[in-house]
Structures are given as C-alpha cells and as structure tokens.
Amino acid sequence: MSKIILASSSPRRKELLKKAGIDFIIDASSIDEVMDESLPLEERLMKLATDKIINIHYKYPQDIVIGADTVVCFQNQVIGKAKDENHAREILKTLSNHKHTVYTAVAIYFQDELMTFVDHTDVYFKDISDMIEEYIASQDWVGKAGAYGIQGSADKFVDHIEGDKDTVIGLPVQSLVKILLNRK
C-alpha cells in the first residue's frame, strides 16, 4: 500500500488534507522557488510544483508524493509573498476594491508517473483601505502569496469568490481527492 507524502511545510495545506480525511506524512523539500519566466504562467507554476517534489519522490519512489505552489495574479502580474510590511501594504492597497486571480499548481508522483494540474479562483476584494494597517500589524500576511490568508482574518476583505476557496488557501482538495480516488 502506497503512502501519501505531502512535500510541503505549509500548515494550510496540511490542514486541508487533514480536513479531507487523507492519511499522509509530511516530508518537505527546500528549494529556491524561482519561476522560469520564459514559460506561460500555468506551466511555470506546474514546473515549480514539480521541482518542489522531485527530491522527495526519489526518497519515496514507490509512494504518492504531492506538492503545490500558489500565486496571486493581478492585471497579468504575478504577486508573490510580501518581503516586508511596506511591500505587504503596497500589495493590499493594489488589490483593494479589485478582482485578482489565485492559481495553485499541484504536482503528484504516483511512483514513476507524474501528474500536474492548475486550478484558479477569482477573488473580489472590497475596498479594504481602512483595514490594511490593522491587518499589517497582525502579521497574518507573513509568508502568504498576495500578502493575505483568506482562511484567517483577511476573509473580511472578500466580497465574493468565483471558484474553489481551497485553491486560494493553497491546495484544491476536491480536484486532488478525485485524482487520488481514480488512482486507487
């Protein structure tokens, strides 16, 4: 029986898999997360998700290894994680009262077979101008694509979404579960 290995140290991805009732272990690799800018966005993300799991796959060649990468895009520009408070403030001001798209790429090794996919969700922010400073002070933006976590206090920023909220959190669980069930 194959084990499932989550090649991510993200507490949000861990929480999503647990909530879905998936039995897994964590063994995260650490790589320099550099996207190949010459590739179209979705291919870039799938390559990065694959890069994150390749070493873990070699460590567990008979098992299922899952990795993911999430980015926020606004007006065709990729917005990664904020470098500091000023950068977080700038990102949030940019997203305020606008729609942006969150992409999460997933890479899965089933022994020697690699499968990748990308899911995206459109997120519509309210005017959050009067909420930014409090959010910056909370430090909830640290380590999160787009400088916010929809699963936390930043949920008040959202007017509505079109798509899967789990994609915004960092792992499109419904799509992943379908793939895992079809492989058993």
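Start with four rings: Phe125, Tyr135, Tyr148 and Phe157 come together as one aromatic cluster. Keep in mind as you look that this is a predicted model. Three aromatic pairs turn up in the count. Take Phe125 and Phe157: their ring centres sit 5.6 Å apart, and with the planes at 70° the pair is edge-to-face. Phe125 belongs to strand S6 (residues 113–125), while Phe157 is in the loop between helix H4 (132–138) and strand S7 (158–162), so this pair ties together parts that are 32 residues apart in sequence.

Phe157 has another partner to look at. With Tyr135 it makes an aromatic pair that is again edge-to-face, 5.0 Å from centre to centre and with 70° between the planes. This one also links distant parts of the chain, since Tyr135 is in helix H4 and Phe157 is in the loop between H4 and S7, 22 residues apart. Tyr135 has a relative accessibility of 3%, so it counts as buried.

Now follow Phe125 back into its strand, S6, and look at what S6 pairs with. S5 and S6 run antiparallel and are joined by twelve bridges. If you'd like one to find on screen, Ala107 has Thr116 in S6 as its bridge partner. The two strands form a hairpin with two residues between them, and there Gln111 takes a positive phi near 55°.

How much of S5 is buried? Eleven of the twelve residues of this strand (residues 99–110) are, so S5 is largely enclosed by the rest of the structure.

Gln75 isn't a glycine, yet it has a positive phi of about 50°. Asn76 lies in the loop between S3 and S4 too, and it has a positive phi of about 65°, again without being a glycine. Buried or exposed, then, for this pair of residues? Gln75 has a relative accessibility of 62%, and because the cut-off for exposed is over 50%, it counts as exposed. Asn76 is exposed as well, with a relative accessible area of 78%. To see what else is around, find Leu41: it is 35 residues from Asn76 along the chain, and their C-alpha atoms are separated by 9.4 Å.

That brings us to the largest pocket, which has a volume of about 600 Å³. Its lining takes in 33 residues, and those nearest the centre are Arg13, Glu33, Lys52, Asp69 and Lys81. Which elements give two or more residues to this lining? They are helix H1 (11–19), helix H2 (41–59), strand S3 (64–74) and helix H5 (165–169). S3 gives the largest share, with five residues. As for what kinds of residue line the pocket, 16 are nonpolar, ten are polar and seven are charged.

Two of the residues nearest the pocket's centre, Lys52 and Asp69, deserve a look together. Lys52 is found in helix H2. With a relative accessible area of 11%, and with buried meaning under 20%, Lys52 counts as buried. What joins the side chains of Lys52 and Asp69? They are joined by a polar contact of 2.8 Å.

Key
Residues are numbered from 1 along each chain as its sequence is written. This is a predicted model: local features need pLDDT of at least 70, side-chain atom pairs count only at pLDDT 80 or more; totals for chains, interfaces and linings use all residues. Side-chain values use heavy atoms; hydrogens and water are left out. On a 1 Å grid over the protein atoms alone, a cavity is a set of points where a 1.4 Å probe fits but cannot get out, and a pocket is an open set with protein on both sides within 12 Å along at least five of seven lines; lining residues have an atom within 4 Å of a point. Grid points are joined across faces, edges and corners, and a volume is the space filled by probe spheres set on the points. Helices (H or I, at least four residues) and strands (E, at least two) are DSSP runs, numbered from the N terminus. Ala, Val, Leu, Ile, Met, Phe, Trp, Tyr, Cys and Pro count as nonpolar, Asp, Glu, Lys and Arg as charged, and the others, Gly among them, as polar. Buried means under 20% relative accessible area, exposed over 50%, partly exposed in between (1.4 Å probe, protein chains only). Rings of Phe, Tyr and Trp (its six-membered ring) pair if their centres lie within 6.5 Å; planes under 30 degrees apart count as stacked, over 60 as edge-to-face and the rest as tilted. Two strands pair if DSSP finds at least two bridges between them. A polar contact is a pair of N or O atoms within 3.5 Å; within protein, one must be able to donate a hydrogen and the other to accept it, and residues adjacent in sequence count only if both atoms are side-chain atoms.
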